[in-house]
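Subject: Structure handover

Hi,

My notes on what turned up follow below it.

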Amino acid sequence: MKKLLCYSYGTLLLCSSNVFAIDRVDIGGFGTVTGASTFNDKKPFRDYRDDDIDFKPESLFGLQVRADLKEGLSATAQVVARGFDDWDAEFEWGYLTYIINNTWTVKGGRFRTPFFQYSDVVDVGYAYHWVRPPVSVYAPLFKNLDGLNLTHTSDLWNLTSTVNLFYGKVNKSVSIGDVDLSHLFGGSWNLSGDWFSLRFSYFEAEASFPFAPAHLALLPPEPGPPGAPAAPAAGPTLTTEAGKATDINDDSAYFASVSLRLDYDNLFAIAEVTKSNVDDSIFTNPVAYYVSVGYTYEDITPHVTYERFDPDAQYNILNKEPAGPARDALEGVIETTEEDFEVYTIGVRYDFHRSAAIKFDYNYYDYKVEDGVFRVDAPLYSISANFVF
Amino acid sequence: MRLYIPFLQISYFKGAMMKKIIMAALFSVQSVLASAEISVIVNPSFSDAIDTGYVKQLFLGKKVAFPSGSQAKLVTIDHSTDVFDEFCFKVIDKPPRKFLSYWSRLVFTGKAAPMIEAKNSSEVKKLVAGNANYIGFIPSVDMDESVKLINKY
């Protein structure tokens with residue numbers, strides 16, 4: 001990071017004023033330019049289309065400002081501009097950190113939801129070897145959490161043990177509705193030695209989020225004002241009971257994972273297993289896992305990865321809906337949630353500069369059940385350049 | 001014993017003298033090829049007890065404060081220097097690029113404060129000498145009394 005030493009910038013009001021007692025201000029940033037294409041008409045996953053190489057969906061630039069206010073207190077803010085948001089710079093994180101002593105640290109504000117191993121570093125491409133972390137696990141649904149984090153570090157049998165506890169909420173508006181995780185509570189435990197790092201995490205919350213537009217259209221309409229009839233629905237709708245059994249509205253949810261990383265000489269391997277679960281809903285409670293192995297030879301790091309996304313389509317909900325057009329429509333929607341797939345990846349990262357890297361990944365998406373529309377077996381070619389300063 | 005080092009003509013010397021000359025020759029070659037010894041330094045007023053393991057943990061972001069509880073502020077030398085590479089291999093035991101990639105993760109996820117960057121040894125010494133909780137590293141040859149030594153690597 002570039003440094004701004006307060007004592008050498010005497011004219012800066014903030015730094016020279018005793019009222020604010022700022023020790024130093026650091027500004028740093030990171031950026032990723034990613035382009036991907038399937039090079040044919042097939043659509044493998046998410047937005048990648050035919051012959052064009054699309055650079056917008058995954059490119060981003062981030063800026064981080066950190067003010068060191070004395071005695072263990074610091075304030076950090078991060079602004080990120082993303083290609084798919086038309087480069088609208090958004091204040092993503094802002095939090096205060098207080099180092100109580102060499103065992104305890106507390107953080108409060110808005111920061112990345114740390115469900116899984118790479119959750120908090122997904123935007124900093126420079127920090128990992130793939131073009132993108134395994135999509136089966138790292139879907140950008142719950143991005144930032146507002147709340148508190150308590151960290152405890154200690155030495156345990158010659159290893160470093162780090163326990164992180166979180167409490168807060170996630171709230172974000174997306175195109176099809178609001179994503180809400182309230183009373184989010186949980187944490188992670190990381191045990192690391194010289195050549196390995198083991199992590200366990202578990203989080204619980206009350207979840208509300210839209211799962212699929214087709215599903216939303218089936219929900220019974222909201223009751224109208226008292227005395228007036230409810231607004232008419234556009235098509236068949238479910239009974240209230242079935243509606244409740246399908247939608248994700250204040251339902252108990254949990255997110256758990258175990259991950260292991262091994263580093264031996266120039267060889268490394270990472271494996272992670274995750275489980276996401278939402279009770280009483282159409283959510284497929286998927287188990288998602290991956291294994292990645294790589295080797296670093298000077299500045300080149302080739303790697304291979306296998307991922308699996310294993311959802312559980314909730315056909316039992318059909319029992320709650322009497323036979324009819326609504327039930328048929330519901331069955332159709334549940335069928336679309338059968339998104340069982342595997343991804344095979346081979347890629348290489350080249351650190352051509354101390355603060356920058358270029359990567360190339362080849363992925364092959366293999367769906368268990370193809371539907372010819374969204375779920376089509378297809379290759380994806382991606383190239384990415386990352387930098388930090 | 002004949003040793004073909006042109007300017008020494010060792011074949012004409014015998015016994016203890018020969019051994020001395022050979023050792024001197026070997027050492028002079030070694031010091032050209034050998035890596036610089038690194039000294040980890042702190043402010044002269046520093047009174048905590050930290051060992052090599054603790055220093056490594058600080059520079060890996062696994063510990064953010066000294067045993068006394070005060071926040072440790074890490075000073076590094078410019079990333080493109082040989083001294084930085086030496087430090088990565090000797091103190092951290094990671095290749096420089098892996099260390100930078102690892103550190104960027106800590107900084108951008110808020111787990112550690114960015115390291116303070118100094119251009120050269122004298123700037124490192126100036127920073128460490130002027131601030132109570134700063135810890136940095138320099139080639140041992142640049143060591144002087146303005147800073148306190150923690151360990152040599």
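Within β17(A), F387(A) is the bridge partner of G31(A). The strands behind this pairing are β2 (residues 22-37) of chain A and β17(A), which run antiparallel and share 8 bridges; strands count as paired if DSSP finds at least two bridges between them. Helices (H or I, at least four residues) and strands (E, at least two) are DSSP runs, numbered from the N terminus.

Before going on, please note that this is a predicted model: local features need pLDDT of at least 70, side-chain atom pairs count only at pLDDT 80 or more, and totals for chains, interfaces and linings use all residues. Residues are numbered from 1 along each chain as its sequence is written, while chains are lettered from A and ligands numbered from 1 in the order in which they are written.

Back to β17(A). It also pairs with strand β16 (residues 356-367) of chain A, again in the antiparallel sense, over 10 bridges, and there P379(A) is the bridge partner of Y364(A).

Chain A as a whole has 4 helices and 17 strands, and 36% of its 389 residues count as buried. Another stretch to look at is β12 (residues 267-278) of chain A, which pairs with β13 (residues 287-295) of chain A in the antiparallel sense over 9 bridges; E272(A) has Y290(A) as its bridge partner there. β13(A) in turn pairs with β14 (residues 300-310) of chain A, antiparallel over 8 bridges, with T305(A) as the bridge partner of S292(A). The hairpin of β13(A) and β14(A) has 4 residues between the strands, and E298(A) takes a positive phi near 55° in it.

On to chain B, which has 5 helices and 5 strands in the order α-β-α-β-α-α-β-α-β-β from the N terminus on. Of its 153 residues, 37% are buried. An open sheet of 5 strands has the order β3-β2-β4-β1-β5 (chain B), with mixed pairing. Its edge strands are β3 and β5 (148-152) of chain B, each pairing on one side only. From one strand to the next, the twist averages 30°. Inside the sheet, β2 (residues 73-77) and β4 (residues 134-139) of chain B run parallel and are joined by 2 bridges, with L74(B) opposite I135(B).

What packs on this sheet? Helix α5 (residues 121-130) of chain B does, touching β1, β2, β3 and β4 of chain B, with its direction at about 155° to that of β4(B). Helix α3 (residues 82-92) of chain B lies across β1 (38-42), β2 and β4 of chain B and runs at about 90° to β1(B). Axes here are lines fitted to C-alpha atoms, for helices over the stretch in contact, and angles run from 0 to 180 degrees between N-to-C directions.

The buried residues of α3(B) are V83(B), F84(B), F87(B), C88(B) and V91(B). They sit on the same side of α3(B) because they cover an arc of only 145° around the axis, the arc being that of the directions from the helix axis to the C-beta atoms. Among the elements covering them are β1, α2 (52-59), β2, α4 and β4 of chain B. Just after α3(B), D93(B) takes a positive phi of about 65°.

V55(B) touches V40(B), I50(B), V91(B), I150(B) and N151(B), leaving aside residues up to four places away in sequence; contact means C-beta atoms, placed from the backbone, within 7 Å.

Finally, the contact between the chains takes 31 residues from chain A and 24 from chain B. On the side of chain B that touches chain A, α4 (96-108) and β3 (116-118) of chain B each supply at least two residues, and α4(B) gives the most, with 7 residues.

Happy browsing!

Methods:
Contact = placed C-beta atoms within 7 Å. Buried ≥ 20, exposed ≤ 12 C-beta atoms within 10 Å, placed from the backbone.
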